[in-house]
Amino acid sequence: MSLLAVAGVTKRFGGVVANRDVTFEIRPGELVGVIGPNGAGKSTLFDLITGFERPDAGTVRLDGRDVTRLRPDEISRLGVARTFQKLRPFPGMTTLENVMIGAFQKTSDVGAAREAARAALAAVGLADRADAHAGGLSTGQRKRLELARALATGPRLLLLDEVTGGVDQATVPGLVRLVRDLHATGLALVVIEHNMRVIMDIAQRVVALQLGEVIADAPPAEIVRDPRVIDVYLGEAWRA
Ligand code: ADP
Ligand code: MG
């Protein structure tokens, strides 16, 4: 039984087809990578799964239930959380307060939200920055904050949009270790990731997108040998 089932999903923005007939499934506890060139429709796919956008065609199912038309807060309460490619913490608020915003998806009790937020901050290694202003965090710390905010909603499925994107090389391994640790707790994860080394390292399966379409869905070792994936994304250098 799949946790998430995306079937025949198409999304247009004016003349642009951001997703075209996209079909794939995520099983409970799986860690799946999503790769593809810029503009391939990766972030839009997350928007469609989490209710931020609605598809023109196709369905999104969670545990077999059709959630295609649900709002983001409803999807969140069903156990799906996501991070955004463009980080947008509230800079004037503390790290803890930012994460509490996530926790309020789950509870309206301030004390319970604070506890959930503290637990999430501890899980991402930011407990010592709880009272710091979010505006003063480094890029790597802001990535962790974004993760904590998602975790505080209590997800079963976590969608990460370029969690290592835009951070310096020295910060990447710590973030990758964190993703692996989260996966080890039983969370299902879908990670949009450009660093193929990271994908090869952590993903059990990889979905490759090109111009909104799924061009491959296979284990990493097969993905990197797929001629179409090499042509549109990995390039000749990788083949060599
Ligand atoms: P990726 O995350 O793979 O880089 P996106 O999902 O962000 O790709 O974008 C896919 C395509 O859809 C791009 O051509 C992008 O310009 C377009 N697009 C995405 N969101 C919008 C939007 N809200 N309005 C108009 N076009 C959009
Ligand atoms: Mg994107």
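**Helix packing, a metal site and a buried residue**

Author: Gladly! This is a predicted model. Helix α5 (residues 139-151) packs with helix α6 (residues 172-184) at an angle of about 15 degrees, and their axes lie 11 Å apart.

Reader: What makes α5 roughly parallel to α6?

Author: The angle between α5 and α6 is about 15 degrees. Angles under 35 degrees count as roughly parallel, so α5 is roughly parallel to α6. The crossing of α5 past α6 is right-handed.

Reader: Which residues in α5 meet residues in α6?

Author: From α5 come G140, K143, R144, L147 and L151, and these meet G174, L175, L178 and L182 in α6. Sorted by class, this contact has five nonpolar, two polar and two charged residues.

Reader: And how do α3 and α5 cross?

Author: Their axes come within 7 Å, and the crossing angle is roughly 35 degrees. Here too the handedness can be stated: α3 passes α5 in a right-handed crossing. On the α3 side, T95, N98, V99, I101 and G102 meet L145, A148 and R149 in α5. Those residues divide into four nonpolar, three polar and one charged.

Reader: Let's turn to the metal. What coordinates the magnesium ion (ligand 2)?

Author: S43, through OG, and Q85, through OE1, coordinate the magnesium ion at 2.1 to 2.2 Å. S43 lies in helix α1 (residues 42-49), while Q85 is in the loop between β6 (80-82) and α3 (95-103), so the pair ties together parts that are 42 residues apart in sequence.

Reader: Why is S43 called partly exposed?

Author: Its relative accessible area is 21%. Buried means under 20% and exposed means over 50%, so a value in between is partly exposed. Q85, with a relative accessible area of 36%, is partly exposed as well.

Reader: Then what makes T164 buried?

Author: T164 has 8% relative accessibility. The limit for buried is under 20%, so T164 counts as buried.

Reader: Where is T164, and what does it touch?

Author: T164 sits in the loop between β7 (157-161) and α6. Leaving aside residues up to four places away in sequence, T164 touches V172, L175, V176, E193 and N195.

Methods. Residues numbered from 1 in each chain as written. Chains lettered and ligands numbered in written order. Predicted model: local features only at pLDDT ≥ 70, side-chain atom pairs only at ≥ 80, totals over all residues. Heavy atoms only, no water. Donors = N, O, S within 2.8 Å, 3.2 Å for Na, K, Ca; no water. Helix = DSSP H or I, 4+ residues; strand = E, 2+ residues; numbered from the N terminus. Buried < 20%, exposed > 50% of the residue type's maximum accessible area, 1.4 Å probe, protein only. Axes fitted to C-alpha atoms, helices over the stretch in contact; angles between N-to-C directions. Parallel < 35°, antiparallel > 145°, perpendicular 65-115°, else oblique. Left-handed = near helix turned anticlockwise from the far one by under 90°. Contact = heavy atoms within 4.5 Å. Nonpolar A, V, L, I, M, F, W, Y, C, P; charged D, E, K, R; others polar.
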